[in-house]
Structures are given as C-alpha cells and as structure tokens.
Amino acid sequence: MTASEPGAYQGFEQGPIRPPSEAASLLLRVTRNCPWNRCRFCPVYKGERFSRRPVEHVLADIDAVAYAVFRLQHREEEASALARERERSFPHLPGQDALAANVAWNWHHSGMSSVFLQDANSLAIRPEDMIRILRHLRDRFPWIERITTYARSRTLARLTPEQLAAMAEAGLNRVHVGFESGADEVLRRIEKGATKAVHAEAGRKVVAAGMELSAYYMPGLGGEDLWRANALETADLMNQVNPHFIRLRSLAVSDYSPLAQDVADGVFRRPSDVIQAQEILLFLESLHGITSAVRSDHILNLFQDLEGQLPEDQERMIAMPRAFLALAPEQQRLYQVGRRFGVFMGLGDMEEAQRRSVAERLVQRLQVDEHNIDQIVDRQVKQFI
Ligand code: SF4
C-alpha cells in the first residue's frame with residue numbers, strides 16, 4: 001500500500017481535546033471526531049466527520065510510541081525489533097515517527113502512568129477491537145496504572161454488562177461521561193441525545209463493571225429559565241449513580257457553537273455568574289447519600305478550588321458559593337474579574353494583597369460596573385474554550 005492510497009496508515013495521530021485531568025496521559029486516537037456531533041453548546045468537532053481508525057493503525061501508533069519509549073529506556077534490542085516490524089508493515093512511511101517520538105518524550109517525562117483514548121466516544125468501536133487495543137497497550141507498557149476514555153451515555157447503555165466487564169478486565173479503568181445535565185428539558189433543548197434515564201443506566205453500568213466513572217455537570221446549561229432544574233435534576237442523577245468523580249465544567253458559549261445562534265436569536269440566555277453561583281449552591285446542597293469526589297478543575301469554572309470528598313467535605317464546599325453570594329455587589333464583581341482574568345482561583349485569593357491589587361487595577365481599566373460585568377465575563381470566558 002502506498003501513502004496516497006485511501007485508508008493507508010499515515011503515522012501517529014492525536015485528536016484536539018482531553019479532559020483536564022488527563023494532562024499527563026498519553027493521548028491515543030482510536031476514533032476521529034464525534035459520532036453524535038449535535039450538542040448545541042459544543043464547538044469541538046462541528047463540520048468534521050466521525051470515523052473509526054482501523055485497529056491496525058491504532059496498534060501501529062502504540063508501537064511508534066513504544067519504539068521511542070524503549071529508546072529512552074535504553075532497550076535497544078526491543079526498539080530495533082519494533083523498527084524492523086514497522087518497515088515491513090508500512091514501507092511507504094520513511095524513518096521513525098517524529099510526532100510519536102515527541103509525544104513519547106513528553107509522556108516519559110510525565111511518569112507514563114496513564115493513557116487517554118481519543119476522541120469523543122471511543123467505545124463506538126466494536127468491544128473486541130477495544131479489547132485488542134487495551135491488551136496491546138498493557139503488553140507494550142505493563143506499568144500503566146490507568147487507561148481512560150470519553151464515552152457517550154447512549155453508547156454505554158447499549159453495551160452489555162459482560163462487554164463492559166471484559167473491557168475493564170483488559171485495562172479500561174476509568175470512563176469520562178458528559179452528563180452535562182440531569183434535567184430532561186435541558187437535555188432535549190441542547191440536543192444531548194440522551195435522557196436522564198439513559199445517563200443513569202449508563203452510569204450504573206460503568207460502576208457495576210468495576211470502572212471508575214467521571215461524570216460531568218455543566219452549570220449554566222439550563223439558561224436563565226432552567227437553572228434550578230439543571231441543579232436539582234443533575235444532583236438527583238448523581239445521587240442515583242454515585243459516580244467516583246463529579247466534575248464541574250461551567251457553560252461558555254463559543255461563537256462556533258449552535259448555541260451562539262440561540263443566544264443571538266434570543267431563545268437562550270447564559271446565566272450570570274451570580275445565578276451560576278446560586279445554581280452551584282443548590283446543586284451541592286442537593287447531593288445526598290453519595291461518596292463521590294467533587295472536582296472543579298476547569299479554567300471556565302467560577303470556583304476552580306472547589307473540590308472535596310463527599311460526604312465529609314460537603315459543608316466546606318457549600319460554603320464557597322454561599323460566601324460569594326454574601327459579598328457586596330462590587331466585591332462580587334472584583335472576584336469575577338479577578339477569576340475570569342486568571343488572577344484568582346478561589347475566593348481566598350482575594351485576601352492576597354498583590355492579587356487583589358491586580359484585580360482592582362483590571363476593574364478600573366475595564367471600567368467595570370453592574371451594567372457591563374456580564375458582557376465582560378462572557379467575552380473573557382470565550383478565550384478559554
Ligand atoms: S457528544 Fe461530546 S463531543 Fe459530541 S457533540 Fe456532544 S459534547 Fe461535543
């Protein structure tokens with residue numbers, strides 16, 4: 001096969017995104033783009049077609065990284081064997097893979113403990129293909145502690161408990177699922193392609209299969225009219241599923257998402273930071289009887305330092321949005337500007353004189369007041385999408 005023939009292996013690939021918690025992971029592309037691609041808030045893969053990469057290509061990517069890692073580990077014989085194998089299988093590709101070498105170098109220096117399978121829904125491939133990939137990863141890198149992926153609820157709900165258990169057995173030990181909301185009206189409106197019941201079934205299946213479930217909640221997604229439902233129904237969903245991790249990732253409306261048109265048409269209004277703080281407070285107060293770890297590790301979040309273990313840290317976490325809501329309006333705006341411009345991570349940073357003075361200068365320079373604060377925040381969060 002030549003490089004120009006359709007379907008020929010072109011070398012190591014990476015997709016555009018990963019969860020924040022996978023910053024140190026090896027990113028391995030199993031599928032390209034998103035098979036659903038309709039969520040109105042999501043700009044990531046719009047205009048791109050979904051495809052499954054041939055399993056042999058994914059295995060070749062693993063070997064390209066393995067070659068570079070073995071060289072870094074001075075395992076020259078094993079590296080040479082992989083190089084010969086690559087020359088036999090892909091004679092159209094000259095030399096070693098520069099991107100794979102670069103990725104391997106970074107992964108090697110990050111400890112090589114985890115792998116994240118890309119893109120948006122890796123479990124859309126046949127379970128037996130996934131198991132081959134997982135086994136190959138384990139075979140080449142037996143020290144890996146964690147293999148994770150994004151998956152859609154609808155896909156998870158369709159898999160049998162046996163298929164999920166077999167993938168867990170082969171090494172897939174964490175799944176990131178974008179619930180976004182537990183409110184059916186919100187899910188319908190943003191075209192998530194799943195209901196609360198489907199999310200619950202998917203989440204329970206992941207947990208029952210012995211994998212860790214990392215479930216995402218998007219404060220703000222209900223807009224100004226459905227923020228209460230977004231908080232209450234999502235908390236109820238989390239209470240039903242008891243995921244290992246609840247991760248907050250607040251809504252930001254990208255200009256490249258269909259939701260931007262909804263905003264322009266006046267059918268959707270992004271809630272202000274003050275309403276989002278009320279929503280987060282209501283959500284946290286409504287979590288009961290679960291043992292999840294809560295994380296807010298996203299730059300878009302109003303309280304990036306909001307994290308803790310349920311149930312023991314619930315009151316401490318609740319205190320954060322409550323403290324923000326108790327601030328005087330000009331202090332709230334100072335925090336918002338400081339937070340959105342990366343000066344503050346959390347409310348405690350307002351006590352640091354240097355950070356506070358940077359935020360105060362920003363407030364002055366931008367001439368922030370009660371009329372323009374929401375526009376300033378909207379404009380700023382878009383920088384981080
Ligand atoms: S499933 Fe995920 S990647 Fe696909 S459109 Fe929805 S949010 Fe975006």
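Predicted model: local features only at pLDDT ≥ 70, side-chain atom pairs only at ≥ 80, totals over all residues.
**Exercise 1. Arg269**

Solution. 
- Step 1: Compare with the cut-offs. A residue needs 20 or more such atoms to be buried and 12 or fewer to be exposed, with partly exposed in between.
- Step 2: Arg269 sits in the loop that links helix H10 (258-264) to H11.
- Step 3: Look for partners further along the chain. Leaving aside residues up to four places away in sequence, Arg269 touches Gly223 and Glu224. Leu221 is 48 residues from Arg269 in sequence, yet their C-alpha atoms are 9.5 Å apart in space.

**Exercise 2. Helix H13**

Task: Check whether the span of H13 (residues 329-340) agrees with its number of residues, then find what covers its buried residues.

Solution. 
- Step 1: Work out the expected span. The rule is 1.5 Å times one less than the number of residues. For the twelve residues of H13 this gives 16 Å.
- Step 2: Compare with the model. The end C-alpha atoms of H13 are 16 Å apart, so the two values agree.
- Step 3: List the buried residues. In H13 these are Arg333, Leu334, Tyr335, Gln336, Val337, Gly338, Arg339 and Arg340.
- Step 4: Find the cover. H11, H12, helix H14 (353-365) and helix H15 (373-382) are among the elements over these buried residues.

**Exercise 3. Domains 2 and 3**

Task: Describe the side of domain 2 that touches domain 3.

Solution. 
- Step 1: The assignment gives domain 1 (1-145), domain 2 (151-326) and domain 3 (332-385).
- Step 2: Count the contacts. Domain 2 brings 16 residues into contact with 14 residues of domain 3, and the C-alpha centres of these two domains are 25 Å apart.
- Step 3: Name the helices. On the domain 2 side, H11 (273-285) and H12 (314-326) each supply at least two residues. H12 gives the most, with three residues.
- Step 4: Sort by class. This side of domain 2 has nine nonpolar, three polar and four charged residues.

**Exercise 4. The ligand shell**

Task: Which residues lie around the ligand, and how do they divide by class?

Solution. 
- Step 1: Collect the shell. The residues are Cys34, Trp36, Asn37, Arg38, Cys39, Cys42, Val44, Tyr45, Ala120, Arg152 and Gly178.
- Step 2: Sort them. Seven are nonpolar, two polar and two charged.

Key. Residues numbered from 1 in each chain as written. Near = placed C-beta within 6 Å. Nonpolar A, V, L, I, M, F, W, Y, C, P; charged D, E, K, R; others polar. Domains from an automatic or database assignment. Contact = placed C-beta atoms within 7 Å. Helix = DSSP H or I, 4+ residues; strand = E, 2+ residues; numbered from the N terminus. Buried ≥ 20, exposed ≤ 12 C-beta atoms within 10 Å, placed from the backbone.
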